[in-house]
Amino acid sequence: MALSDGVVKKVLISYAYVAIWIFLSFTVIVYNKYILDRKLYNWPFPISLTMIHMAFCSSLAYLLVKVFKLVEPVSMSRDLYLKSVVPIGALYALSLWFSNSAYIFLSVSFIQMLKALMPVAVYSIGILIKKDPFKSDTMVNMLSISFGVAIAAYGEAKFNSWGVSLQLLAVVFEATRLVLIQILLNAKGISLNPITSLYYVAPCCFVFLCIPWIVVEFPVLKETSSFHFDFVIFGTNSLCAFALNLAVFLLVGKTSALTMNVAGVVKDWLLIAFSWSVIKDTVTPINLIGYLIAFFGVAYYNHAKLQALKAAEAQKKGQQDNVEAGKLLEERDEDGKKSETQD
């Protein structure tokens, strides 16, 4: 059966959003690596780079929300901001700081392999704080992902323990942030899209980053008299970072979070190929075998999540149908009683 023009157009638009997100995500990662790597642009100041991103994104988010009013702000009290957004902002600052720092010590391909541990971290933290129940089959799945990443790490040609520690800390802080978003915001009926998220979280993140920046990077930058701020490099880099958030907004809004997860897997493989072919990072066969194991583990995890969501939706629909059927029966009973009274 031939597809209608409307369906074909919708599918093509969805693929276009996926392609844009992959391109921008790919660009931001490679661009950050280029700036921070000592062998490339040689500006190894990850906190400063993250602060530039946060300042730029905060400004543009403010314009979109308050000036142009293209995005509706969320109703949020001062108390809710302090108790919910501030902790999330602190975790976001730590996650970005450590993940950007890892690019100084590790290859792009190996960092993508380590990021496969994200579901493991999210699930483990969920169990620790008693948000998620322990399930033996899910834990076996998490162990398979961890086993695959461990093999990939064993096969890494330029293994750097400090870089690995930074990336693992970034994964832990990011996973904690994602869990807290569900507990502190989503559970209270507050949903932040990428633009409103930047509007509320980015300024808070910038303030938190100022603390380590003053201690760690500011003294070094102060002594580096030869450095001149390159508006083209840092401006385009920040613009790409903001455009990526817009792409996330469009991708999740027009498709689904699952589509984004699948697109993320495609992006990771493209980055590994790019890292090996263009940047000339060493990717060993053991690297690839380990990542393949982790990849299948993550794919199964996403599949299991999709099935659980479908089951929950079917159950919810069934309950709604039962309620509606009950109401119809009550209405019929009332109509029957009225007709008997009239007789």
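Author: In this predicted model, Gly126 has a relative accessible area of 0%, and because anything under 20% counts as buried, Gly126 is buried. Gly126 is found in helix H5, which covers residues 118-128. Leaving aside residues up to four places away in sequence, Gly126 touches Lys131 and Asp132. Gly126 and Thr176 are 50 residues apart in sequence, while their C-alpha atoms are 8.5 Å apart in space.

The helix packing can be taken up from helix H7, residues 161-185, whose axis comes within 8 Å of the axis of helix H3, residues 78-105, with a crossing angle of roughly 160 degrees. Since an angle over 145 degrees counts as roughly antiparallel, H3 and H7 are therefore roughly antiparallel to each other, and their crossing is left-handed. The residues of the contact between H3 and H7 comprise 17 nonpolar, seven polar and three charged.

Helix H3 also packs with helix H2, residues 46-67: the axes of H2 and H3 come within 8 Å and cross at roughly 130 degrees, and H2 and H3 are therefore oblique to each other. In this case the crossing is right-handed. On the H2 side the contact is made by Pro46, Ile47, Thr50 and Met54, and on the H3 side by Tyr92, Leu96, Trp97, Asn100, Ser101 and Ile104. Sorted by class, the contact of H2 with H3 has seven nonpolar and three polar residues, with no charged residues.

Notes:
Residues are numbered from 1 along each chain as its sequence is written. This is a predicted model: local features need pLDDT of at least 70, side-chain atom pairs count only at pLDDT 80 or more; totals for chains, interfaces and linings use all residues. Side-chain values use heavy atoms; hydrogens and water are left out. Axes are lines fitted to C-alpha atoms, for helices over the stretch in contact, and angles run from 0 to 180 degrees between N-to-C directions. Helices (H or I, at least four residues) and strands (E, at least two) are DSSP runs, numbered from the N terminus. Angles under 35 degrees count as roughly parallel, over 145 as roughly antiparallel, 65 to 115 as roughly perpendicular and the rest as oblique. A crossing is left-handed if the near helix is turned anticlockwise from the far one by less than a right angle, and right-handed if clockwise. Ala, Val, Leu, Ile, Met, Phe, Trp, Tyr, Cys and Pro count as nonpolar, Asp, Glu, Lys and Arg as charged, and the others, Gly among them, as polar. Contact means heavy atoms within 4.5 Å. Buried means under 20% relative accessible area, exposed over 50%, partly exposed in between (1.4 Å probe, protein chains only).
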